[in-house]
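Please read it alongside the sequence and the structure.

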Amino acid sequence: MNQEQYKKAQTGKGFIAALDQSGGSTPKALKLYGIPEDSYSGDDQMFDLVHEMRTRIITSPAFNGDRIVGAILFENTMDRTIEGQPSAEYLWKVKNIVPFLKIDKGLAEEKDGAQVMKPMPGLDELLDRAVANGVFGTKERSVIKLPGAGLTAVVDQQFEVARQVLAKNLVPIVEPEIDIHSPKKAEAEEQLNTELLEHVNKLPDGQAVMLKLTLPETDNLYKELVEHPKVLRVVALSGGYTREESCARLSRNNGVIASFSRAFTEGLTAQQSDEEFNATLDKSIADIAAASNT
């Protein structure tokens, strides 16, 4: 494991940019970026366009390691190059940004008020490829709608996958997202906090995970996790909140940094000149970094 990357992931100023929309969410991401679905056909063209969008973000002068700790890539991005270098290598060597890889294959059907991850049959091979590509860690997402047995199943599965990731000397970002529209959001958060603490307490010495969580109803609810020796970092997802709302909530949760996706790219379009694009991106990065440094 790269100790410089470990130190940056643990203590670096700024936030983690989530650039990992995959097959299912890519058309939506492109549409928000000003590229309608009828302007391309087939997955190859779609992934070419989304790689152009991500390359434009990553190569922008505003996007650098001063305010960005890490970036989460989708497998297709990891397999491609940016300015002639493998994407993960470019992020670290050129931008001083720690590369992570989204590894889940999407969500299973809802059961007991939650969605666990779909099976990941080729996970070992994918993790080996990630290591070979210079990736530091992974991200895997489940969704919780209600407290109860489904939430427990999500956390159990997340840590099962985390153990597989840790065995490859990679750092997992465990992401049990609580739906911001949940009618029992605060109750689910209380249960999640308890169960996460139980699981991190059981991690062997020398192992640590990162946690990616929905911004809670109770400020600083996850304080114990933020300070936990086996939690490298607690990061927050935007989950559908606007950037303004996400940043306001984030700034009230001390020690938690952002890992926003939609809120991060809000306002960027393919039609903008490079000057407009870079200025919009710079403002987004400044706002999110400021809210993360509380």
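Axes are lines fitted to C-alpha atoms, for helices over the stretch in contact, and angles run from 0 to 180 degrees between N-to-C directions. Helices (H or I, at least four residues) and strands (E, at least two) are DSSP runs, numbered from the N terminus. This is a predicted model, in which local features need pLDDT of at least 70 and side-chain atom pairs count only at pLDDT 80 or more, while totals for chains, interfaces and linings use all residues. Residues are numbered from 1 along each chain as its sequence is written, and side-chain values use heavy atoms, with hydrogens and water left out.

Helix 3 (residues 42-59) packs against helix 5 (residues 87-95) at an angle of about 15°, and their axes are 11 Å apart. That makes helix 3 roughly parallel to helix 5, where angles under 35 degrees count as roughly parallel, over 145 as roughly antiparallel, 65 to 115 as roughly perpendicular and the rest as oblique. On the helix 3 side, H51, I58 and T59 meet S87, Y90, L91 and K95 of helix 5, contact meaning heavy atoms within 4.5 Å. By class, this contact of helix 3 with helix 5 has 3 nonpolar, 3 polar and 1 charged residues; Ala, Val, Leu, Ile, Met, Phe, Trp, Tyr, Cys and Pro count as nonpolar, Asp, Glu, Lys and Arg as charged, and the others, Gly among them, as polar.

## Helix 10 and helix 12

The axes of helix 10 (residues 243-251) and helix 12 (residues 274-292) come within 8 Å and cross at roughly 25°; helix 10 and helix 12 are therefore roughly parallel to each other. R243, C247, L250 and S251 in helix 10 meet S284, D287, I288, A291 and S292 in helix 12, and the residues of this contact divide into 4 nonpolar, 3 polar and 2 charged.

## Aromatic pairs

The structure holds 6 aromatic pairs, for which rings of Phe, Tyr and Trp (its six-membered ring) pair if their centres lie within 6.5 Å, planes under 30 degrees apart counting as stacked, over 60 as edge-to-face and the rest as tilted. The rings of Y6 and F136 have centres 6.3 Å apart and planes at 70°, so the pair is edge-to-face. This pair links distant parts of the chain, with Y6 in helix 1 (residues 3-11) and F136 in the loop between helix 6 (123-132) and strand 7 (137-144), 130 residues apart. Y6, F100 and F136 form one aromatic cluster.
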